[in-house]
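Work through the two exercises below with the sequence and the model side by side. Try each task before reading its solution.

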Amino acid sequence: MKRYVIVGNGVAGTTAAEHIRHLDKDGKIDIFTDESTPFYTRIRLPEYIAGLVDEEKLILRKPQWYRTTGAELHLEECVQGIDLEEREVHTAKGTAYPYDRLLLTTGSHSFVPPIKGVEKPGVFSLRSLTDAKLIRDYALEAKRAILIGGGVLGLEAGNGLRRRGIEVTVVSSFQDYFPDRWTFPVRKSSRNRWKRWDSVSFWVPNPRKLWGAKGPKDSLWRVVRSCHVTWY
Ligand SMILES: Cc1cc2nc3c(=O)[nH]c(=O)nc-3n(C[C@H](O)[C@H](O)[C@H](O)COP(=O)(O)OP(=O)(O)OC[C@H]3O[C@@H](n4cnc5c(N)ncnc54)[C@H](O)[C@@H]3O)c2cc1C
């Protein structure tokens with residue numbers, strides 16, 4: 001019987017486990033995550049922040065799935081070392097797990113720029129459900145939010161906060177990348193996904209470079225009319 005160890009229970013690790021089981025009905029599959037939740041969708045975290053979905057809805061694989069797949073999920077068990085000679089992984093709980101095949105699907109982390117003060121309370125990054133919970137709790141008392149980064153994830157998270165009635169300002173240094181993806185004001189197109197936005201301020205260094213000659217003159221542009229943002 002082969003022993004498979006998968007580090008990471010995101011979409012990559014979980015799908016891999018599914019396929020391994022399809023190919024090998026008897027192998028032992030161990031999936032490790034340093035998080036406390038079975039496989040969940042990060043894509044809906046902005047909706048979670050907005051209070052539109054609860055934790056239950058985010059979880060895509062319930063304990064039953066692990067039982068029927070025959071994959072053992074090790075929650076809150078961070079893999080800290082790999083012994084290539086002994087062919088085993090070592091976890092933060094001090095346990096060693098042997099493997100015949102090892103798969104690392106450890107995903108990524110939010111890049112936090114080295115800005116003074118990022119360690120202070122009230123500064124967050126969004127990657128995990130834990131991050132989203134912290135943001136959601138903090139948002140209960142918050143009135144205004146500054147969003148650093150005008151990429152898709154940032155804007156979606158901002159939209160989540162806006163839906164909670166928080167005044168959102170997006171600060172972005174993008175000059176070229178941004179308009180390729182977003183159009184303001186927005187063209188109607190049924191093939192695109194739409195997001196409804198209003199009352200959001202955008203702070204960009206040179207708005208006319210972004211939005212053309214008809215764009216706002218000031219670097220702080222407030223979207224006062226309802227508008228939509230879309231991506232291709
Ligand atoms: C808010 C948000 C919105 C998104 N929206 C979209 C979208 O609309 N469309 C889209 O295509 N993508 C979207 N993404 C990106 C998408 O979620 C990622 O591409 C995807 O999660 C990557 O999956 P993964 O399995 O490679 O890694 P991850 O989902 O990052 O999973 C890796 C797992 O490994 C765990 N891990 C890491 N190191 C260790 C260790 N040493 N020991 C144990 N466990 C460990 C991590 O904690 C994590 O649980 C979004 C991401 C976020 C954060």
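This is a predicted model: local features need pLDDT of at least 70, side-chain atom pairs count only at pLDDT 80 or more; totals for chains, interfaces and linings use all residues.

Residues are numbered from 1 along each chain as its sequence is written.

**Exercise 1.** Work out the order of the strands in the open sheet, and find which strands stand at the edges.

Solution. Start with the order, which is 3-2-1-7 in an open sheet of four strands with parallel pairing; strands here are DSSP runs (E, at least two residues; helices are H or I, at least four), numbered from the N terminus, and two of them pair if DSSP finds at least two bridges between them. Next, strand 3 (71-74) and strand 7 (101-104) each have a single partner strand, so one side of each is left without a neighbour in the sheet. Then look at strand 1 (residues 3-7), which four bridges join to strand 7, and where Ile6 stands opposite Leu103. Finally, helix 1 packs on the sheet and touches strand 1, strand 2 (28-32), strand 3 and strand 7, contact being C-beta atoms, placed from the backbone, within 7 Å.

**Exercise 2.** Describe the residues that surround the ligand.

Solution. Begin with the count: 24 residues surround the ligand, and the closest are Gly8, Gly10, Ala12, Arg42 and Gly107, where near means a C-beta atom, placed from the backbone, within 6 Å. The elements giving two or more residues to this shell are helix 1 (11-23) and helix 2 (45-50), and the largest share, three residues, comes from helix 1.

Methods
Two residues are in contact if their C-beta atoms, placed from the backbone, lie within 7 Å. Axes are lines fitted to C-alpha atoms, for helices over the stretch in contact, and angles run from 0 to 180 degrees between N-to-C directions.
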